[in-house]
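Have a look at the model, then read on.

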Amino acid sequence: MSARPTGSQGGTGTAEIRCAFLCKAENAKSIANLVSAIHTSPSSKKDIMATCSLGKNGIKLTVEESRSYQANAFLQEQLFNEYNWNQQKDEQFTFKLNLTILLDCLNIFGSSQHYTALQMLYAGYGHTLVLMLEERDAGVVTECAIKTLDADDLLDINFRGVEILNKVIMDAVGLKDAFSELDWTAPSLTFLLGPVAPYFRLATGTSSGGSFEVDYPKDSEVFEAFECTKTQEYSYKLAMLQPCYKALSFATRTQIRMNSQGVLYFQHMIKVDDHMGFVDFYILPEAGPDEPSDA
C-alpha cells in the first residue's frame, strides 16, 4: 500500500520530500512513447498494471499476463537530463503501479505544441510515485501522485539459461509489414527460423483450412544480421504477439531470438530524443516443437 509523501500536498510542497530517487527529463512525451510501447494487454484490459523497479542505472517497467507473456520497458539513466539515486548502488525499489495512470500523467497536456518537462520522485516504500509536469512557455505546472502497491513475483523465464539457437536483427518496418499480412482472427501464429529455406516464416491458419504465410530469405534487405544454426518451428498464441506488433510503430529496428525451448524474444529499439531506448517481449510457445530436419 502507499501514502502520499510528506510535503506533496498542496501542489508545491514536493521540495520538502526527502527523495530516495529523483529524475528530470526535458521532454515527457519521449518518455511516454517508450512507456506506450508496452501499454497493451494480450487480453485487452483497460487498466494495465506494471511492476516498476527503480535502481541506480534506471527504471524498468514490466507487464505480464497468463504466465506466458512478459514485456519490459527500460528507461536508462541516459534518457534523463538528471538522474539522482540516493541509495546504495546495489539497492533497488520494486513496486506495482497502474501503467495506464502513469501514461495518462505523462500525456496530461495532450497534443500541446510546447515541450513538457518532467520531474519524477519517490520517497521510498509506502509512498506514492510523484510526477511534476511543466508545460514550457505556458507556465502551467501539474503534480500527479500515483499509488504504489506491493509487487508480485515476476515470471522467471531464464531465457539465456538455455542455448540460443537463432538470432536475427531486422528493420522494424519490414517486420511490421510481415505481421500486417497475417490473419489476426486466427488463434495462433507459427514462427519458423532456420539456416535453410524458408529461413524466416510467419504463418497463421484460416477457418477454411488454408493459411497466410510470409517468408523472407536470409539475404533479404530487411535483415541487418541473420545468425541461425538450427531450424525451429513453434506456435504461439496470436494474442500474445499483438502487443509486440503494436509496439513496432515506435521502433526503428528489432532483434529476434529463439532459444532451444522455443521461447521467443523480441527487442525493439526506440529513439528517445538523442538516445536509444529499449523494450523487449518474451513469449512462451503453446506446445512442443515441430522441427524440420536441416539436412
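## The cavity

Helix H1 (28-36), S3 and helix H2 (99-106) each give at least two residues to the lining of the largest cavity. Helices here are DSSP runs of H or I, at least four residues, and strands are runs of E, at least two, numbered from the N terminus. A cavity is a set of points on a 1 Å grid over the protein atoms alone where a 1.4 Å probe fits but cannot get out; lining residues have an atom within 4 Å of a point.

The largest cavity holds about 50 Å³, a volume being the space filled by probe spheres set on grid points joined across faces, edges and corners. Nonpolar means Ala, Val, Leu, Ile, Met, Phe, Trp, Tyr, Cys and Pro; Asp, Glu, Lys and Arg are charged, and the others, Gly among them, polar.

## How the model was read

This is a predicted model: local features need pLDDT of at least 70, side-chain atom pairs count only at pLDDT 80 or more, and totals for chains, interfaces and linings use all residues. Residues are numbered from 1 along each chain as its sequence is written, and side-chain values use heavy atoms, leaving out hydrogens and water.

## The largest pocket

A pocket is an open set with protein on both sides within 12 Å along at least five of seven lines. The largest one has about 300 Å³ of space. Of its 17 lining residues, Met 49, Glu 64, Glu 65, Lys 96 and Asp 152 sit closest to the centre. S3 (58-65) brings the largest share, four residues. The lining has eight charged, five nonpolar and four polar residues.
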